[in-house]
Amino acid sequence: MSSVVVAIVSPGTEATVTGAATALAEVLGASVRREFVDPDAAVEVSIARFVALLDEPDAVAAAVSFASSSRELMWGVLAGSRKPVVVMPDNRAKPPAAVARALVPLEATTTSAAALEETLNALAGAGVDIVVLHVLDPMRAPAYWDHPGHAAEAWVTEFLARFCRHRPDVRMTVRTGAAEESIPDVARAERVDLVVLVWSQRLDPGRARIVRRTLGSVGVPVLLVPAT
Amino acid sequence: MLDPDWSVIEVSSDPLRRRITEALFTLGAGGFGTRGSVEEPVPDSVELVVCAGVYAGPGPTDGLLPCPTWTALDIDPAGDDEAPDDHRVLDLRTGVLERTTTRADGAVLRTLRFASAARPGLVCLRASGPADVLRAGGGPLRAPKGAVSTSGTTRGRQWVRVVAPSGTGVVALGTEQVQLTGTTREVSRIAAYAPDRPRTPGLAGARTVFDDADEVGIDGLLEEHRAVWERRWATVDVAIPGDPDAQLAARFALFQLWTNVARHDEMAAGARGVSGSGYSGHVFWDADVFVLPAMTTIDPRAAAAMIRYRCRRLDAARRWARAAGRSGARFPWESAASGADVTPREGALGGQLVPILTGVEEEHITADVAWALAHHHAWSHGGAPMPRNHRAVLSETARYWASRVTSDGDGAAHIAGVIGPDEYHEDVDDNAFTNGMARWNLRAAARHAAMSADPAEITHWREVADRIVDGYDPVSGVYEQFRGYFALERLLVAEVATPPVAIDLVLGRERVRASQLIKQPDVLMLHHLVPDDVRPGSLRPNVDFYGPRTAHGSSLSPAVTASLLARAGRADDALALFRVAARLDLDDRSGMTAAGLHLANIGGLWQCLVGGFLGATVRDGVLVLDPHLPAAWPELELRLRCLGRRIRVRVDRGDVVVDSDRPLRAGLAGGPVLDVHAPTELASGRVVAIRRSSS
């Protein structure tokens, strides 16, 4: 069975969404199928339609644009999809011709690691240079950091072993502070083509803070991977 | 039959946990260590055999040389949907690691392994299981991945040699017997390890270690091995009635000290011992101040081997002093094979790249090395004259300090631009610990100097020592950690986070540097190491002042702080921190135990029992006890080595009871000295009961 990346095209976003879908499809070994938003349909109906499309076995991912006039629709698709969705943050962002380097911010949780495993495998299999970013939360700092000349190596080795299992081909960057501030900094510094984020798909107030801030600041496509 | 008082049990087959148990289940003897990796290939496993003191190269990141491995078996992998029931037990009493794996189809695989304590360097493995699961083949030894190695056979035994670019290496020599009985296959494997140096070829050394092991067989070798462990535990042990968790953790500490450090020729005790590749196998003050005092009471010959490592690198220390424009000898903050400084010059604090100044400024290690050999001498040899090579270290380190101090217009001596044990504050002047240890070093050298030493120089050492400032405030009874410390922002750890915490990661280096927050005991290390050289009665005010400012962001901190708290009479607070230290590796509280056991913490844990809760010190050949037990411990009994004796001390609410296998002078702090008379066997020793007047 062939796999497809579903490009969800709304008026004025065809080029960017198709471009992002094509770049992602190349990584995933998939083809692109464009699906157009019906401007006359109710938002709930459109959300249900696209989520159902993404539930089909051949759909491996989707692409959407936040430059769309209907953000409500896009958030609805993102929250309902059980497949990864690449988001073009706005019309200023240009889709990459190909994904050569990806930034993967990663929490120290097995849930995040499990959710990312398939995507990391696909990225690595496509020869993408993967930069894993972990942002240390000062309030959950390690108990001990004996010697900066040695501890960092031991800590990074353990982090990669626990949360990037079987992926010796990634690079790791560690920052301290707020993740939503570090992600755009590192994305720019590393000149990445794609940011990959695991998220809970919860949009109630106070949630998805990092996703929202990242979409508004990185200027490159963001691949949102459902945590479950 | 499992004895929970002696067993560290792992039932998880979680591959992530396995990385940690690989370190926890390290087996070793004679300087060789084998991590407790499972026998089949597992992703992310760090299967490793290393030899203390044998490094892959001379650089700061070269680390210990990976040696040939002996534990891998050709095991049919279980399917993804049939996670086996995996049960592993490290029997501390016998030094044996056993594993029983039951698969979904009922097939049972058993392994047993040990690193012979009777024949250091010899290791044994026995495995049995269904022939279609435990497959034949592979041979007893495998070269580590990426190693420069050669291999062959000699007299029916396989040998593998790994060599570092320097030419040093390790040779392993092994045999394997495979027996098929019905559908059950049994694999028996024996291997011998020896260092390979130009003048001491490893193959000959391995043959010597191997000796007649084939003829003795694994059962016989196991019997010998168990007998050694039985003797060890009869000599050194801990009993904490009513607190089995603390007792097991303390026994685990003893087990891993024997495993990682018990070598009797020369011992380069790295910060992670031989249990992992962390900290590049480098030797820090962890060895001299945290591990060696423990080994002095556990295996004095091993402590002597650690001192030998330092004494044999005195010339390198002299060169390091000369390079800095000083006299005498300066020991490097981190050292490896040659004794030259191998401290990295940059590192990372979380994600922040930071320069590493410890190699340049953490100079107190020079006095720590001198302290270690004097401490060992006092505990093991009492008032006997110190050996000449030990006196040489004391004298050369004293010369270093005499050339290191500067004098002000008032004649006071200062030491500027250092880092104390509290590494949050760098490039400070007159660090109380560094100054205090330098002063102690000068006086100790003067005290132990030979009759032939230059009297003028001895007088000079004493005169310099008397002039060194120490930051003591007679009003508060508190030592200022360094000049200007009291003017820093008054910030307590509890206002920021719950210790232990790497608080420099929480607040950032600059904020912490501008505050009174500290990483680990600094001033209080003076009270820990040289209690007779600090102002009488200053322990409690300094514990009260610095305790709330200590983040315990170093794994060295909790155990030694617990010891100080006990001595200060706060035994319940001490027990709380003792428990933190006790679980540090067992629960992977650092998140980095997979890189190796925190040997300084382990040594500190035993020191806390001996020097803290028992309050044991040796003064002029007399064992002095000042016990402080927490409310949760109605009784504590320790067996240990002291002054060439095997002693047992039992403390309960009313009495302190001392046994000794040979005559011993002992007493309570401030009380009369009693003679423990001359029984020849500990078990039949005459008991001296010392009743405490305060109880």
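How many residues of chain A are in contact with how many residues of chain B? In this predicted model, in which local features need pLDDT of at least 70, side-chain atom pairs count only at pLDDT 80 or more, and totals for chains, interfaces and linings use all residues, 27 residues of chain A are in contact with 47 residues of chain B, contact meaning heavy atoms within 4.5 Å. Residues are numbered from 1 along each chain as its sequence is written, chains are lettered from A and ligands numbered from 1 in the order in which they are written, and side-chain values use heavy atoms, with hydrogens and water left out.

The two chains bury about 2900 Å² between them, and 60% of this area lies on carbon and sulfur atoms; buried area is the accessible area (1.4 Å probe) that two parts lose on being put together, summed over both. On the chain A side, the most area is lost to chain B by Y144(A), D146(A) and H150(A), which together account for 27% of what that side buries.

Chain A contains 7 helices and 9 strands, where helices (H or I, at least four residues) and strands (E, at least two) are DSSP runs numbered from the N terminus. Its radius of gyration is 18 Å, close to the 17 Å that the globule rule gives for 228 residues, so chain A is as compact as a globular protein of that length. The radius is taken over C-alpha atoms, and the rule is 2.2 Å times the number of residues to the power 0.38. The C-alpha trace of chain A spans about 60 × 40 × 30 Å along its principal axes. Among contacts in chain A between residues at least 6 apart in sequence, 74% join residues at least 24 apart.

The C-alpha atom of V131(A) is separated by 5.6 Å from that of M172(A), 41 residues apart along the chain. Residues up to four places away in sequence being excluded, V131(A) touches R101(A), A102(A), L103(A), V104(A), R171(A), T173(A) and E190(A). Beyond its neighbours within four places in sequence, S112(A) is in contact with L106(A), E107(A) and V198(A).

Chain B comprises 19 helices and 29 strands. For its 695 residues a compact globule would have a radius of gyration near 26 Å, and the value for chain B, 26 Å, agrees. Along the principal axes, the C-alpha atoms of chain B fill a box of roughly 85 × 55 × 55 Å. Buried residues amount to 62% of the 695 in chain B. Among contacts in chain B between residues at least 6 apart in sequence, 64% join residues at least 24 apart.

Within chain B, I602(B) is located in helix 19 (residues 599-613) and is buried, with a relative accessible area of 4%. Apart from neighbours within four places in sequence, the contacts of I602(B) are A253(B), Q256(B), L257(B), D585(B) and L597(B). The C-alpha atoms of I602(B) and R391(B), 211 residues apart along the chain, are separated by 29 Å.

Conventions: Buried means under 20% relative accessible area, exposed over 50%, partly exposed in between (1.4 Å probe, protein chains only).
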